[in-house]
Amino acid sequence: MKRRYSNESNEEAAIDMTPMLDIVFIMLIFFIVTTSFVKEAGIDVNRPSANTAQTVSKGNIMVAVGPAGDVWVDKRRVDVDAVRANIERLRAESPEGAVVIQADQEASAGIVVDVMDQIKMAGVDSISIAAKSKD
């Protein structure tokens, strides 16, 4: 028995969405990989203002010193003696980043110096202190 094929198709024409979905997923992966994530220290501090305040582009490790002398690293309150271990751990994750200290203007200078000393003992040479620009 002979089969006859006709040019008429009973199926409706449909647009294949697979290539568009592939492109959307590739773009999503691209934006996730290229996004830089902002790391916060853990608390909001009232930073002092300075005439010579500059923006640091590679401030990946944030350390906050509150007005009562409390120290925050990576959104966790830590003791001053534990700053070194936390900085060493964070430094292993991002070795090219600098450390930025966000000290409240009411914070004791002695606590800030102790924190800076712990950061230096962790092997970090690039330490910045955050300030607001007076402009």
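A crossing of two helices is left-handed if the near helix is turned anticlockwise from the far one by less than a right angle, and right-handed if clockwise; by that criterion, the crossing of helix 2 and helix 3 here is right-handed. This is a predicted model, in which local features need pLDDT of at least 70 and side-chain atom pairs count only at pLDDT 80 or more, while totals for chains, interfaces and linings use all residues. Residues are numbered from 1 along each chain as its sequence is written, and side-chain values use heavy atoms, with hydrogens and water left out.

**Confidence and overall make-up**

- The mean pLDDT (the predictor's confidence in each residue, from 0 to 100) of the protein chain is 79, and 73% of its residues reach 70 or more.
- The protein chain has three helices and seven strands, which are DSSP runs numbered from the N terminus (helices H or I, at least four residues; strands E, at least two), and the order from the N terminus on is α-β-β-β-β-α-β-α-β-β.
- Among these elements, the lowest mean pLDDT, 64, belongs to strand 1 (residues 49-50), and the highest, 91, to helix 3 (residues 109-121).
- Of the 135 residues in the protein chain, 27% are buried, where buried means under 20% relative accessible area, exposed over 50% and partly exposed in between (1.4 Å probe, protein chains only).

**Packing of helix 2 and helix 3**

- Helix 2 (residues 83-93) packs with helix 3 at an angle of about 45 degrees, their axes being 8 Å apart; the axes are lines fitted to C-alpha atoms over the stretch in contact, and angles run from 0 to 180 degrees between N-to-C directions.
- Helix 2 is therefore oblique to helix 3, given that angles under 35 degrees count as roughly parallel, over 145 as roughly antiparallel, 65 to 115 as roughly perpendicular and the rest as oblique.
- In contact terms (heavy atoms within 4.5 Å), Val-83, Arg-84, Ile-87 and Glu-88 of helix 2 meet Val-115, Gln-118, Ile-119 and Met-121 of helix 3.

- Asp-74, in the loop between strand 3 (71-73) and strand 4 (76-78), has a phi near 55 degrees, a positive value in a residue other than glycine, and is partly exposed at 31% relative accessibility.
- Lys-75 lies in the loop between strand 3 and strand 4, has a positive phi near 60 degrees, and is exposed, with a relative accessible area of 58%.
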